[in-house]
Amino acid sequence: MLITAIEPRRKAMSALYLDGEFVMNLDTQTLIENRFDVGREIDDEDLKEIIELSNERRAKEKALWLISYRSHSKKELTDKIRRTCDNDSAEKAVERMEELGLVNDEEFARQYARKLLIQKKMTKRTALFELSRKGIDKETAEAVLDEIDVDYRENIREIIEKKYKNIQDEKIKRRAVAALQRLGYGWDDIKAVLYEYEE
């Protein structure tokens, strides 16, 4: 097969033409580094190799771009990269990010747990579920959650003060109770705080 044309495309990609036919878009830098120039003869092995190298480079770039916005768990990052790359490239990219210290599940779990418990006022049980959705194993999740002290009744008071000021109204009270239960608060804690407002 003969490379008859390489045309620039968006997002650092180039269109590869073999024997006058468009084949696919590949990473431009990968084509340059591997001397894929117009007029070069290639076989199926060469094509397979350049596709793999292109996918791996794109996956790493996607990983770095995602990490630049916020930290991610290993599973979450792999899942996001898989949307644009193959499985193997996504996993290799995430492993590389882990080697570089840019992905650390324990550190991610610690930060995310603080956000869930302190900012979002969730209970540890609900936070444990959210951490597992991000791919954090149960042991790590429980360990980081145990590091954080939470006063559930104080959290309930803060939520009521912020969102349900007129808690004496029966409709608002029902809405508040439902919202608090969705956040994982137990009935005993909710009832105790509501009793304070009735007083």
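Q: What makes the contact between Lys48 and Glu52 a salt bridge?
A: The closest N and O atoms of Lys48 and Glu52 are 3.4 Å apart. A salt bridge is a side-chain nitrogen of Lys or Arg within 4 Å of a carboxyl oxygen of Asp or Glu, so the name applies. Both residues lie in helix H2, 4 residues apart, about one turn of the helix. Helices here are DSSP runs of H or I with at least four residues, strands are runs of E with at least two, and both are numbered from the N terminus.

Q: What kind of model is this, and how are its residues and side chains treated?
A: This is a predicted model, in which local features need pLDDT of at least 70 and side-chain atom pairs count only at pLDDT 80 or more, while totals for chains, interfaces and linings use all residues. Residues are numbered from 1 along each chain as its sequence is written, and side-chain values use heavy atoms, leaving out hydrogens and water.

Q: Why is Glu52 called partly exposed?
A: Its relative accessible area is 39%. Buried means under 20%, exposed means over 50%, and partly exposed is what lies in between (1.4 Å probe, protein chains only). The value for Glu52 falls in between, so Glu52 is partly exposed.

Q: How do you know that Arg58 and Glu61 form a salt bridge?
A: Their side chains meet at 3.5 Å, N to O, which is within the 4 Å limit. Being 3 residues apart in helix H2, they are separated by about one helical turn. Arg58 has 21% relative accessibility and counts as partly exposed, and so does Glu61 at 36%. The two also belong to a network of salt bridges that links Asp27, Glu33, Arg57, Arg58 and Glu61.

Q: What makes Glu154 and Arg157 a salt bridge?
A: The closest N and O atoms of Glu154 and Arg157 are 3.0 Å apart, again within 4 Å. Both residues lie in helix H8, 3 residues apart, about one turn of the helix. Glu154 is partly exposed at 33% relative accessible area, and Arg157 is partly exposed at 22%. The structure holds 25 salt bridges.

Q: Why is the pair of Tyr17 and Phe22 called edge-to-face?
A: Rings of Phe, Tyr and Trp (its six-membered ring) pair if their centres lie within 6.5 Å; planes under 30 degrees apart count as stacked, over 60 as edge-to-face and the rest as tilted. By this rule the count comes to 4 aromatic pairs. The ring centres of Tyr17 and Phe22 are 5.6 Å apart and their planes stand at 65°, so this pair is edge-to-face. Tyr17 counts as buried at 16% relative accessibility, whereas Phe22 is partly exposed at 44%.

Q: What makes Trp65 and Tyr69 an edge-to-face pair?
A: Their ring centres are 5.0 Å apart and their planes are at 70°, so they meet both conditions for an edge-to-face pair. Both lie in helix H2, 4 residues apart, about one turn of the helix. Trp65 is partly exposed at 46%, while Tyr69 counts as exposed at 61%.

Q: What makes Leu64, Leu100 and Leu102 a nonpolar patch?
A: Patches are made of residues with over 30% relative accessible area and no salt bridge; like charges are joined within 9 Å, and nonpolar side chains (Val, Leu, Ile, Met, Phe, Trp, Tyr) within 5 Å. Leu64 has a relative accessible area of 43%, so it passes the 30% limit. Leu64 sits in helix H2, and the three leucines together have about 250 Å² of accessible area. Such areas come from the Shrake-Rupley method with a 1.4 Å probe, and for residues only the protein chains shown count as cover.
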